[in-house]
Amino acid sequence: MKGPRISTPLLLLMPAVLVLCAVVVLPLLLSLYSSFTAFRLTRPESIWIWISFRNYENTLTDYVFWVAFGRTVLLLTLALNLEMLFGLGLALLIEKASRGQRVLRTLLMFPMMFSPILVGFQFKFMFNDNVGLINNALQSLGITQTPIPWLIDGGLAFFAILVAEIWSSTSVFAILILAGLLSMPREPLEAAKVDGCTPWQSFRYVTWPFVMPFAYIAMTIRSLDVARAYDIVKIMTDGGPARRTELLWTLIGRTAYGDSKMGLANAMAYISIVLSIVFTVYFYRKLAAARTQIAAEW
Amino acid sequence: MDKNRASRRWKSLAHLGRFVALTLAMAFICLPGAWIVISAMRPTVEIMAKPPVWIPHELSFQAFISMFGVIGQGGVPVFAYFRNSLIISVTSTVIAIGIGMSGGYAFARFRFRGKSAMFLGLMLTRTVPGIALSLPLFIIYARLGILDTHFALILTYVALNVPFTIWLIDGFFRQVPKDLAEAAQIDGCTRWQAFWRVEFPLAGPGIASSGIFAFLTSWNEFALASQITRSVASKTLPVGLLDYTSEFTIDWRGMCALAVIMIAPALTLTFIIQKHLVSGLTSGAVKG
């Protein structure tokens with residue numbers, strides 16, 4: 001063979017790398033460049049107007065941006081923690097169930113099949129102040145007389161979005177943690193019982209360390225697509241009313257396609273990309289650390 | 001004796017508590033979907049009724065029939081969207097699986113420099129939020145003139161699916177013992193034959209389920225599709241669903257029916273792969 005020899009694994013990885021370069025890396029370089037220009041969709045030649053860091057300055061001094069940023073971080077923190085907590089609880093409940101474990105596990109897969117846009121629609125329907133299931137139920141039970149404006153009031157809409165997020169992703173945690181629980185060896189638990197551990201202690205010091213890597217896998221998978229909240233919010237409230245549920249991603253979409261300020265939107269997009277990457281790397285490292293710890297102990 | 005009885009009562013109480021908690025959780029999981037299905041089949045008058053009608057008086061498939069009618073209900077061409085979704089999802093899945101198999105095999109069977117950095121790098125491309133990626137893709141596709149075509153979405157979805165496909169397939173190949181392929185090679189197979197005749201069939205079910213997973217990702221994707229598609233020529237079902245909300249009055253029944261159509265294939269496919277999916281994601285969690 002002529003020319004430099006490429007090793008087999010690199011050759012095998014070549015197609016993946018090529019596709020990802022073409023569709024992800026190169027476009028991101030373009031968007032990095034355009035985030036330093038005054039690019040507007042309506043005036044294509046404006047992509048050549050170099051304005052250095054002005055887009056970033058405008059973004060970082062913009063009150064609207066910081067509100068959306070803070071709301072996004074708050075939503076993610078609340079959602080991820082609650083999902084983890086509920087997922088763990090659900091997994092423990094199902095593991096204890098003596099019968100019907102298979103049926104329960106299958107039911108658990110149910111929300112995973114829903115695309116985020118469908119989750120959003122479904123909760124838009126349920127939380128609708130006029131025809132929604134929730135208001136109907138509350139009124140039938142006589143808890144309130146007047147319909148509650150779930151998606152119209154800012155705080156309530158945030159709550160509704162949080163519920164939708166939790167509904168759609170708790171089962172990812174539950175399923176993976178359950179897989180961990182089921183693959184756990186019995187002996188250490190029995191030994192702990194013989195040694196007089198309380199149920200809490202044996203959970204804290206025996207079960208949890210074993211299950212932790214599974215929880216981190218779930219966290220990593222979940223953090224890969226935190227931006228799915230965009231779909232949910234887009235259909236539920238579209239960032240409204242009056243921007244009270246605006247997230248980073250809906251703000252980017254609005255700036256880019258609504259106001260056609262591509263350059264500015266790209267600057268915001270870069271900040272959101274960095275945010276996602278930090279999230280993922282953080283959990284991936286935790287996962288790696290948990291893996292080595294498990295490998296050393298068992 | 002008394003202590004015994006107290007402890008037994010505690011136990012049955014805890015049992016009951018667990019049962020109630022589990023039932024509530026399952027109701028929370030199942031109810032929203034069930035409500036959509038029911039609403040798709042009941043007349044609009046009942047959905048709008050005040051006070052609410054809980055138990056449907058009559059069920060019909062009218063919404064589904066009118067949806068696939070001549071131009072579709074309320075001018076939403078559901079049939080065209082369905083066809084677009086199907087073409088785009090299937091094609092991108094087939095290509096992603098091909099690429100993912102070669103990449104996954106490389107990760108499972110070879111040691112090379114920068115392996116874990118490479119893996120993390122691949123995963124990181126997946127973390128880019130769809131809306132953020134849509135901006136440059138929109139500019140590029142518009143310049144290339146492939147905006148609003150099947151090709152543009154297929155290309156995008158292949159890239160979207162490759163990282164996760166590699167992760168899953170890597171896990172499935174690792175579950176196949178190395179010795180088998182080595183034994184085949186000693187018996188005179190080439191490396192390629194050993195892969196094709198021994199390792200591939202053994203990892204087959206896992207690979208099929210990664211395929212289904214990739215299919216579902218494409219089938220469900222919204223953020224990118226909503227910007228890259230413009231018209232009936234390439235709009236997919238999730239984008240079509242939003243068509244309904246942009247109208248002045250929301251047709252709840254029509255939307256519910258469309259939702260059922262979107263979820264039906266996903267439901268069927270997920271049941272088929274559920275077992276493999278979990279084992280693929282977790283293999284290597286403990287073994288490293």
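Axes here are lines fitted to C-alpha atoms, for helices over the stretch in contact, and the angle between two of them runs from 0 to 180 degrees between N-to-C directions. The model is predicted. In chain A, the axes of helix H5 (residues 116–127) and helix H7 (residues 154–182) come within 10 Å and cross at roughly 135°. Angles over 145 count as roughly antiparallel and those of 65 to 115 as roughly perpendicular; H5(A) and H7(A) are therefore oblique to each other. Their crossing is right-handed.

On the H5(A) side, the contact is made by Pro116(A), Val119(A), Gly120(A), Phe123(A) and Phe127(A). H7(A) contributes Ala160(A), Val163(A), Ala164(A), Trp167(A) and Ser168(A).

Another helix of chain A, H11 (residues 248–258), is mostly covered, with eight of its 11 residues buried. The buried residues are Leu248(A), Trp249(A), Thr250(A), Leu251(A), Ile252(A), Gly253(A), Thr255(A) and Ala256(A). After H11(A) comes Ser260(A), whose phi is positive, near 45°.

In chain B, Met262(B) lies in helix H12 (residues 252–282). A residue counts as buried if 20 or more other C-beta atoms lie within 10 Å of its own; Met262(B) has 26 within that distance and is therefore buried. Leaving aside residues up to four places away in sequence, Met262(B) touches Leu237(B) in chain B, and Ser115(A) and Leu118(A) in chain A. Between Met262(B) and Ala25(B) there is a separation of 237 residues in sequence and of 24 Å in space, C-alpha to C-alpha.

How values were computed
Residues numbered from 1 in each chain as written. Chains lettered and ligands numbered in written order. Predicted model: local features only at pLDDT ≥ 70, side-chain atom pairs only at ≥ 80, totals over all residues. Helix = DSSP H or I, 4+ residues; strand = E, 2+ residues; numbered from the N terminus. Parallel < 35°, antiparallel > 145°, perpendicular 65-115°, else oblique. Left-handed = near helix turned anticlockwise from the far one by under 90°. Contact = placed C-beta atoms within 7 Å. Buried ≥ 20, exposed ≤ 12 C-beta atoms within 10 Å, placed from the backbone.
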